[in-house]
Amino acid sequence: MYDFTYTKPSSVADATKLLAADPDAKFISGGQTLLPALKHRLNKPTTVVDLTGIGEMRGIRREGNTLVIGALTKHVEVETSAEVKAAIPALAQMAAHIGDTQVRNRGTLGGSVSNNDPAADYPAAVLGLGATVVTSKREIPADEFFLGMFTTALETDELLVAIKFPIPEKAGYAKMRNPASRYVMAGAFVSKGPQGIRVAINGAGPCVFRQGEMEAALAGSWSPEAVAGVKQNPEGMNGDIHGSAEYRAHLVTVMAKRAVASAG
Amino acid sequence: MNAVLPFEGIGASVKRKEDLRFLSGRGQYVDDINRPGQAHAWILRSQYAHARINSIDTTAASKMPGVVAIYTSADMTGIGGIPCGWQIHNKDGTPMAEPKHPVLAEGKVRHVGDPIAVVIAETRSQARDAGEAIVLDVEPLPAVTGTTAALAGAAPCVHDDVAGNLCYDWHIGDKAATDAAFAKAAHHVVFETTNNRLVPNAMEPRSAVGDYDTTTGEHTLFTTSQNPHVIRLLMGAFVLQIPESKLRVVAPDVGGGFGSKIYHYAEEAIVTWAAAKLGRPVKWTADRTEAFMSDAHGRDHVSRAELALDKDGTFLGLRVHTQANMGAYLSTFAPCVPTYLYATLLAGVYSTPAIYAEVQAVFTHTVPVDAYRGAGRPEATYLLERLVDVAARQCGFDKVELRRRNFIATSAFPYQTPVALEYDSGDYVSTLNQALETADWAGFEARRAESASRGKLRGIGISTYLEACGIAPSAVVGSLGARAGLYEVGTIRVHPTGSITVLTGAHSHGQGHETTFAQLVCDKLGVPVAQVDIVHGDTGKVPFGMGTYGSRSLAVGGSAMDKAMDKIIAKGKRIAAHLMEASVEDIEFDPRGEKGGTFRVAGTDRTKALAEISLAAYVPHNFPHDELEPGLEETAFYDPKNFTYPGGCHIAEVEIERETGQVHLLNFTAVDDVGRVVNPMIVEGQVQGGVAQGVGQALLENCVYDSSGQLISASMMDYAMPRADDLAPVSVATHTTLCTHNPLGVKGCGEVGAIGSPPAVINAVVDALREFGVNHVEMPATAPKIWSIIHGSTH
Ligand SMILES: Cc1cc2nc3c(=O)[nH]c(=O)nc-3n(C[C@H](O)[C@H](O)[C@H](O)COP(=O)(O)OP(=O)(O)OC[C@H]3O[C@@H](n4cnc5c(N)ncnc54)[C@H](O)[C@@H]3O)c2cc1C
C-alpha cells in the first residue's frame, strides 16, 4: 500500500467536494475491492474518502412500487432484510451468495455497482430489474449506467447515493461461480415487471448486458424452455483459463433457463 | 495412582495439545518474531521468464527514505550457489547436469519471480518503495515453460551450459525382460497423461529473520522450515561458509509446508548474510503473490505408460516413459522426486514381474519444482491406477477383479519388486474389501440410475495404492545419490521430578507431533501426556535431525525416541536395582504399573516410580556411582532399515451436471493401512487433509504459464484451491498390518490421502462419462473440459 491521507466526511456534499477538488482522491465504502487493490499497489490515491459516516446513503425503504436501497447497505443487510425478501426475494438471495461471510459483512451495494466488475453480482440485478441509480447529481437509468468493463456513467466526483428498484412481478437469478475466485463465470438475472421483461447477463462478457433475444422469447412465453433454445453468440464473450468464450456463451443459456425456473 | 487417569497411550484419540495456542491466536510464527533494531527486506523479482540483465541502477533507489542497503549478486561475493541435495546419474553413468543456482541473479533471470536484488530499509513499505525505484536494463529473451517443449531441438536454452535443457536421462528396471513380456502379451494397453503442476500454498507464507551477534559471531536464522538442521547444513556449509557452531537455525511454529518448506531458499541466505553485513537483524516475509512465484511447485510430469497383460488379465510387464519438469534450477530434493520417489513405486500393489521406466528431467523457465505432499508417489499412483482402469475397460475386465487378480499376495511379504523396493508388509485384499463395503460399491448401479433420473451423470472410481515413506535408510539413499543421511534423532530428558522433555529432529507444522510424540512417551514410560513436552525446530536445542517430510516423523523420529526410551528404561533399571538392593536382571519396568511408570523387583511388592528413580539420578546421594553417571537423559539416532509401505484403497463417487460439466464429489472412502495407529483422530485429520489436496489436484488446481513464460495462475483469483464445499464427507478407516522393521510398527499417514485420491476421483469422472466413449480426462477435470466431452466439441 502506498501512503495516503484519510478523511471521513459526514455528508454527500462534503464527500463530493473533496473529489471535485482532488481527482486523485478515492471513495471507499466496504473496501472489499479497493483495499486489495491498494495492497497490491494497483492504485495510488492521494486521499481515501471514507463514505461510511454518511447517514443519507443508508437504509432500505419501500416507496410504493419501488424499493430504495442506500448505497452503503451491506450485502448482509440486503440478504437479511425483511423488506427486500418480501419485495424482491431474488435480490436478497443474490446478496446471500456474494463472496463469503466476511465480504458480505463489509461490502456494499454502492461499492459493487459503481465498481462494475464484469464478474460481480449486483450489476445484473440493477440492469435486470431496470433500476434507477440515484447519484449526488442526478438519476441514471440502469440501461445508461453500465458503460463497459469497470466503467460506469459516474463522473469522478459523483457519488452513488442509492438505487431505486422497481418491484417486479417475478424475478430470478442464477449463476455459475468461477472455481478459483468464486466471482461469476456467467449469470443471468431475469424479471417481469413494470420495466417489462428483462434479461441481464453478467460474468460472461466484459460488462453486464441485456440479452434481447431471450427477452423476446420470454415475452412470447415466460418459461425456462423459451430461453433454452436461445443461443448466446460467443463473439465478444470472455475467454480465459477458466473457460472459453464458447463455454461462457453456453452457460448464458443454462443460467437464463435456471433463473427463469427459479423465478417461477 | 495411574488407574484413574484416562488412557493416553498409543491408540488414544488425545486432543491436540498445540491447538490451544493455535486456535487462540497465540502461535509464534516467524513473522511474529521481531528483533531489536530489525530492518526489513524486499526482494526485487524478475517479471520476465527469461532475460539478460544489462544493468541494475540503484542510484535513485538508494536515496529513498529509510533505505539501509541495496544488494545485488555483485555485492554478495564469496557466496556459493544454492546446493542441490541429490545427484542422479544418467543411463550412461555420468552425473546429471547441475547448473549454478545463484542466490541473486547473475547476469540472467530464468523464471518469473527469480530474485534480482534485495532492498533493506527501516520498514517493509519503504523497502518496497525503493525496490520499485530500481532501474533495470534487461533484454527479454525467448522462454520455454512446457516439459516436452523444452526438449524440442529449437527450444531456448535455460542454462548455456546445459545442452537441450536435459538435466538427466535416467532409467530403472530390466528393459529386456520388459520387452520380452510385451512380446508375449495378449493385451497391450497404452495410456498417456500430464500430471498437472501445482502450487503448494501453505497457509503461512515463507518468512525469514536473520540476526547476528557481533560479540560472539553467532548467526541466527529464524525460518519457516520443515527441517532447520538441513537448512543449517546446506546454507552454512555450501552458501555462506558458516560453521555449525556459529549458526543457529530456528523454525518455530510453522503454518503448513506440504514439502514447500523443506528446501533451502535464497531468502534465508540473504537475510542471514545481510544481518551480519549490516550488524542488525533483517526480516523478510513473502506475500501470497511472491509465494506463487517463489515457493517450489509440485508435480508437472508428461508420461506414457504401457501395460502388457495375458489373456486372463495377469500383468506381465509395465513400460513407462516420463518427462519431468525441474523448473529453472534444481531445488534441494528435486532430482530424486521423479526417480527414486516415483519410478520405484511403479509396481504399486501389483506383482508385475517386469518393469522398465525411463525418466528425463528438463529445465524450463518456470519456478523450480520439488517434492509436494506425496512427492513422486502421487505421480506414480496416478499413472498406474489410471492405466489399470484403462486396461480394464479396453480389455473388458472388471476393474476391481483386475486389481484383485494382480495384487501381491498377503503371504508374499517381504516382496521384492522389479524396481528396487522390498515391501515388508501389507494386506491389499482386506483394505479393498473394507473400502468396497463402506462405499457400497455393489449398490452403485442403483445410485447411478437414481442420478440419471435427475438428469445427472454419476460415476464411481477406485484406486488401490501403495507408497514408500518413512524415509529412509541412509546407506540406501546414499547409494542412490542422496547427499545426506536420513536418520532421525531423539533425546528423552527425564527431569528430576519425573516430567519429561523430548527433543526431536522432526518438525511439526500442522501434524500434531506435540501430542502424538507425547503419547509415545506416555505409552512407554507411563508419564501423563500433560507432563511430556516436545521440543523441536531449533538447532540450538535439538542435537541434530533431518526434519519432517516423506511421512517420516513417526516412523523414523518416533523410532529414535523409542530407542532413547529403551536406554532410559535400561539405566532406570540399574538405578532401581541399586535402590532396592536387587539384581538388574530382576527389575521389571511397567509403564502401566501401580505408580504409573513403575520399576519392580520381579515377584515382589517392592517398587519405585520413575519419578523416584529420576530424583535419585539427579540427587545422587544414594547412587551406583561406580557404574553409572548421574542424570537421566538419553539420545538415540535411528537409521531405518527400510522404507515403510502404507497402502490401501480409496473410492470416490461423483456426480456430473450435463449442462455445465461441473463435477460434484459426493462421497469419498479411504481405508488405509498406515501401520500402528498412535492417535486415530490425528490420522483421520491427516488423511482428510491429504484427500482434500488430492481432490484439489484432480478437480481444481492447475498452475498455468502462458507461452511467454508469464505465470497466469499467480493468485487465488486464478488458482483454484479446494474449499470446504468442493469436498464431501471423507470416511476414513484404517486396517493395520505392522511395519516389520521399526520398533513401533508404524508406517506413516501424512501423504496417503494425497497419493491415493487423485486417480480415484478421475476414475470416477471417467466412469460417469461412460456413455461418451472417453477413456481419459486430464487433471484438473474442470467443468469446461467435461462440457466439451459431453457436447462433443473441442473448446
Ligand atoms: C474475497 C472476495 C470475494 C468477493 N466475491 C464477490 C462475488 O462473488 N460477487 C461480487 O459481486 N462481489 C464479490 N466481491 C466484491 C464485493 O462484493 C465488494 O464489496 C464490492 O465489489 C465493492 O463494494 P465495497 O463497498 O467493498 O467497495 P469499495 O471497495 O469500498 O469500493 C469499490 C470501488 O467503488 C468506489 N465506490 C465505493 N462506493 C462508492 C459510491 N457510493 N459511489 C461511488 N463510488 C464508490 C470506490 O472508490 C472503489 O473504486 C468479493 C470481494 C472479495 C474481497
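# Exercises on two chains and their interfaces

Where chain A meets chain B, 16 residue pairs, both members at pLDDT 80 or more, are found in polar contact (a pair of N or O atoms within 3.5 Å, of which, within protein, one must be able to donate a hydrogen and the other to accept it, while residues adjacent in sequence count only if both atoms are side-chain atoms). The model is predicted, so that local features need pLDDT of at least 70 and side-chain atom pairs count only at pLDDT 80 or more, whereas totals for chains, interfaces and linings use all residues. Residues are numbered from 1 along each chain as its sequence is written, chains are lettered from A and ligands numbered from 1 in the order in which they are written, and side-chain values use heavy atoms, with hydrogens and water left out.

**Exercise 1. Describe the interface of chain A and chain B, from its extent to one of its salt bridges.**

Step 1. Contact (heavy atoms within 4.5 Å) involves 24 residues of chain A and 26 residues of chain B. The buried area (the accessible area, with a 1.4 Å probe, that two parts lose on being put together, summed over both) is about 2000 Å², and carbon and sulfur atoms give 50% of it.

Step 2. Seven salt bridges (a side-chain nitrogen of Lys or Arg within 4 Å of a carboxyl oxygen of Asp or Glu) cross this interface. In one salt bridge, R182(A) is paired with D725(B), and their closest N and O atoms are 2.8 Å apart.

Step 3. On the side of chain A that touches chain B, helix α12 (residues 245-263) of chain A provides the largest share, eight residues (helices, H or I of at least four residues, and strands, E of at least two, are DSSP runs numbered from the N terminus). By class, that side of chain A has eleven nonpolar, seven polar and six charged residues (Ala, Val, Leu, Ile, Met, Phe, Trp, Tyr, Cys and Pro count as nonpolar, Asp, Glu, Lys and Arg as charged, and the others, Gly among them, as polar).

**Exercise 2. Locate R182(A) in its loop and state its phi.**

Step 1. R182(A) belongs to the loop between β11 and β12 of chain A.

Step 2. Although R182(A) is not a glycine, its phi is positive, at about 65 degrees. Most residues other than glycine have a negative phi, and most peptide bonds are trans.

**Exercise 3. Characterise the contact of domain 1 of chain A with domain 2 of chain A.**

Step 1. Chain A is split into domain 1 (5-166) and domain 2 (170-263), with bounds from an automatic or database domain assignment. The contact takes 24 residues from domain 1 of chain A and 21 residues from domain 2 of chain A.

Step 2. Between them, these domains of chain A bury about 1900 Å², with 61% of it on carbon and sulfur atoms.

Step 3. Three salt bridges cross the interface of domain 1 of chain A and domain 2 of chain A. D143(A) and R198(A) form a salt bridge whose closest N and O atoms are 2.8 Å apart.
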